[in-house]
Amino acid sequence: MIVLTIEHTKRWMEEIEKRMLEHKDQLTEFDQAIGDGDHGINMARGFHEVVAKINHVTYDSVSDVLKSAAMTLMAKVGGASGPLYGTAFLKMSMAMQGKEVNEEVFCQAMKDAVDGIHTRGKAEFGEKTLYDVWKQVADFLELEEVAEWQGLLEVCQATIEDTRELVATKGRASYLKERSKGHVDPGSMSSFYIFEALVEVIDWEE
Amino acid sequence: MKKVINNAEHVVDQMLDGLVSAHPDELKRLPDTTVIIRKDAPIKGKVGIVSGGGSGHEPAHAGFVGRGMLDAAVAGEVFTSPTPDQILEAIKAVDGGAGVLLVIKNYTGDVMNFEMAQEMAEMEGIQVASVVVNDDVAVEDSTFTIGRRGIAGTVFVHKVAGAKAEAGATLEEVKAVANQTIASVRSMGVALSSCTLPAAGKPSFTLAENEMEIGIGIHGEPGIERVALVSADEITTILLNKILAEIDEESSDVAVMVNGLGSTPEMELHIVNKKVAEVLRDKGMNVYRTWVGEYMTSLDMAGFSITILSLNEGLMELLVEDVKTVAFHV
């Protein structure tokens, strides 16, 4: 069954933009606590540009929409989040190239995205980065029936709570060492909104 | 905040245009980018050297574009890595068929953005290699940090790699000599006052009237400790001791760079260098060449860094090869 169409993908990006705008201050606040304080601003700007871009182009495939999104994020977000999210969407796009996106293709694309984040960020699981959330989501999709995609958000939330008490060892938050404890990683939080938006649009009910 | 700017959003754009206006015969800005290239690039058969990073470190990096040094410099927003699309444009513009070497300062964002650009260029069939400079001895290399930061020592890497490429070496050879330089160069800085980002409008941190921060980063990141200000000779000794502990004692020939961070008068930099020369002489080391001035600044920060490069014959030759850039002279 096709789970993600061009229309879904465009709506996915719009739903992400909506959430990034809505939670801009929260993300920035999280980032001020353990980073350099621009995550909300960067993510809101980045996805605003993505939506502006994809609404002006006619696409032939889901792969092309995601490629557009990836290139825009890389060019407009900056810092470490731009390359990380850019890589994730680019790897998804590559995995979907020439294919219709059924459950199997989507799960493979998620796996490739996670591998891409892993390679790009050089972070391991449990280092309090957005990789933790993406890895858990990919593992969940591999194990569970697709009809259970609502459960995906619980997995994200649980991961974020689990990592709250961790000491960051990668990224800017790692400079703070022990002081990063007790704070939510801003990248994990923005990743949550990306998956929340996905669950909103993806065709998992039929 | 008092700054000579028009609009904080346009500082990088307007600076780059001003730079090219001052050097129209040597430099060119790629249209619709923040990339400055040698006017005669690409040079057929020569390895292209591309560097760059956040703005606010002027004359780095565009000041080092020219014959015998960089072929292109990519400017990011102030203290923010340039994005892969911009770096890719630079790579494409300077590839003369022999490949391109990227010289990256070791910051998470810079490394990721340059690596992405490298992969994108390779997908387009351009041969690309990269090296990461990590000369700052202030930040320890451990599992709890991303490793040492790249600071003023990067300028020596630009010079050596640029000279090697100009001499017609292969990409592999240029990369090897760049890595040899990275392994032999160590730096450390001190701040007497903070810096103010145009967009932020207020200082990044504050130092009391009688305070200095040892081991400061070039974006105002924390150093090792905040202590009472002491004399130029004493500060110099503190920095040099830490740097020399990381330098191979076998090598007696060294190059020196005393680099101002933005608001320290040349007079004070030369006072520092007097002490550097004395300490090195007392240790039986031979100062082959010295550069004193501003090379890798941190906006309007007061303070300086010292860089020591231990030399072998090959590096000596490359270091003094002819060069024609805005900001680096031999």
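In which sense do strand β1 (residues 27-29) of chain B and strand β2 (residues 35-38) of chain B pair? They pair in the antiparallel sense, over three bridges. Helices (H or I, at least four residues) and strands (E, at least two) are DSSP runs numbered from the N terminus, and two strands pair if DSSP finds at least two bridges between them.

The model is predicted: local features need pLDDT of at least 70, side-chain atom pairs count only at pLDDT 80 or more, and totals for chains, interfaces and linings use all residues. Residues are numbered from 1 along each chain as its sequence is written, while chains are lettered from A and ligands numbered from 1 in the order in which they are written.

Another part of chain B holds an open sheet of six strands, in the order β9-β8-β7-β12-β10-β11, with mixed pairing. Strands β9 (225-228) and β11 (286-293) of chain B stand at the edges with a single partner strand each, so one side of each has no neighbour in the sheet. From one strand to the next, the twist averages 20°. Strand β8 (residues 211-214) of chain B pairs with β9(B) in the antiparallel sense over four bridges, and the bridge partner of Glu211(B) is Ala228(B).

Helices accompany this sheet. Helix α4 (residues 153-166) of chain B lies across β7 (185-191), β10 (253-260) and β12 (303-310) of chain B, at about 145° to β7(B). Helix α6 (residues 232-244) of chain B packs on the sheet, touching β7, β8 and β12 of chain B, and its direction makes about 150° with that of β7(B). Such angles run from 0 to 180 degrees between N-to-C directions, and axes are lines fitted to C-alpha atoms, for helices over the stretch in contact. Two residues are in contact if their C-beta atoms, placed from the backbone, lie within 7 Å.

In chain A, helix α7 (residues 130-143) and helix α9 (residues 186-201) pack at an angle of about 35°, with their axes 7 Å apart. Residues making the contact include Trp134(A) of α7(A) and Phe195(A) of α9(A).
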